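Please look over the ligand site in the entry shown here.

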Amino acid sequence: MQESQTPLTRGAPTAPPGERNRLVITEQAPPFEDALAEAQRWLDNVYARMVEGPDEVLWQNMHSLHLGLLTLRRRWSPEVWRKFCKETAKKHPLRPFLHQCPFTRRAWERPRGYAGDAVLIDYLYMDRAADELHAGREIYRYMHQQPSSLSVRERRELLARTIDETAERVPEGARILSVACGHLREAETSRAVAEQRVGELIAFDQDPLSLAEISHHNPHGVVKPVCGSVRALLSGKTTFQDMDFVYSAGLYDYLSDAVATRLTGLLFGMLRSGGKMLVANFARYPPETGYMEAFMDWWLIYREEDDMRALLGEVPMEQLAGIRLYRDTQDNVIYLELTRR
Ligand SMILES: C[S@@+](CC[C@H](N)C(=O)[O-])C[C@H]1O[C@@H](n2cnc3c(N)ncnc32)[C@H](O)[C@@H]1O
């Protein structure tokens, strides 16, 4: 086990009340046990303030918690950070307090076997604060307004717009594939889908419950749910052809480089000439990362522009007409857009 590279002490006892939650970096590195004990005392302090304070100051405390966790995550070695998450944060009474927020709790409990299921993402697309009580409602409201949440809602709108553009580009009936579609909420804000100006929108996901929700919302439309896994795509057991637009959002953040590279090559191969592919991945490091890992047990694979370019390893360059890399307005999500010759 490596020692903590980041020495941490709490604000001095004489610090003004507002400053006492802040982590202060000192010159000398304590052994990691000391750093963890110090972090535990800092959590005690945050917890006391959250429990005792009125709901109005909960946002301030959530803000200090997010900043403090991000500081720890950046300064510590990955081993020490994991130890903090798996032991200190997991056992701390602050965790059940934060789990009054249904969004935080669902990621932790992972009823479908993984943290980022479609029901969880719906907590970001929709505002369900009115269903919750007191602290849980305020924590959820806070999470709903964070940059990553804005990015997820922006991603949905971008996908809906691109579906509409594809329908304009291919008026004779575009073929579109969404890989790991979740609840396919972008279809609900796409005009082309509502007006049935798309030939076929294949909604591909491993989760039959998510596909049932899609069928419920699109009983007679152009949307065609298909149950299947990335593994089936990789093995060639499931394949699609002649697609005008293939996209995947909220999947690559879970895939290793090797799997993501292989999948990118395969999806690109499903495009017809002139077709487009769009892949989204969270960039390093949204400000919520520390909170997500410590209190939601939600670990994503973050990528930068170079990492996204590296996913082109199995795309035949001679078939590539264009590559575009861009970020969302929050600087949080990177989009890789490929056009086939
Ligand atoms: C974070 S959700 C994203 C849903 C949707 N694309 C969106 O942007 O809201 C991730 C989805 O990926 C699906 N998924 C995860 N791993 C998968 C795999 N190996 N094969 C197929 N689907 C997978 C999950 O079932 C879930 O619906």
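The following report covers model confidence and then the ligand site.

This is a predicted model, in which local features need pLDDT of at least 70 and side-chain atom pairs count only at pLDDT 80 or more, while totals for chains, interfaces and linings use all residues. Residues are numbered from 1 along each chain as its sequence is written, and side-chain values use heavy atoms, with hydrogens and water left out.

The protein chain has a mean pLDDT (the predictor's confidence in each residue, from 0 to 100) of 91, with 91% of its residues at 70 or more.

The table gives polar contacts, meaning pairs of N or O atoms within 3.5 Å.

| Residue, polar atom | Ligand atom | Distance |
|---|---|---|
| Arg155, side chain | oxygen | 3.2 Å |
| Ala180, backbone | nitrogen | 2.8 Å |
| Val230, backbone | nitrogen | 2.9 Å |

Taken alone, the ligand exposes 600 Å² (Shrake-Rupley method, 1.4 Å probe), and the protein buries 91% of that.

Key:
Polar contact = N/O pair within 3.5 Å; in protein donor to acceptor, adjacent residues only side chain to side chain.
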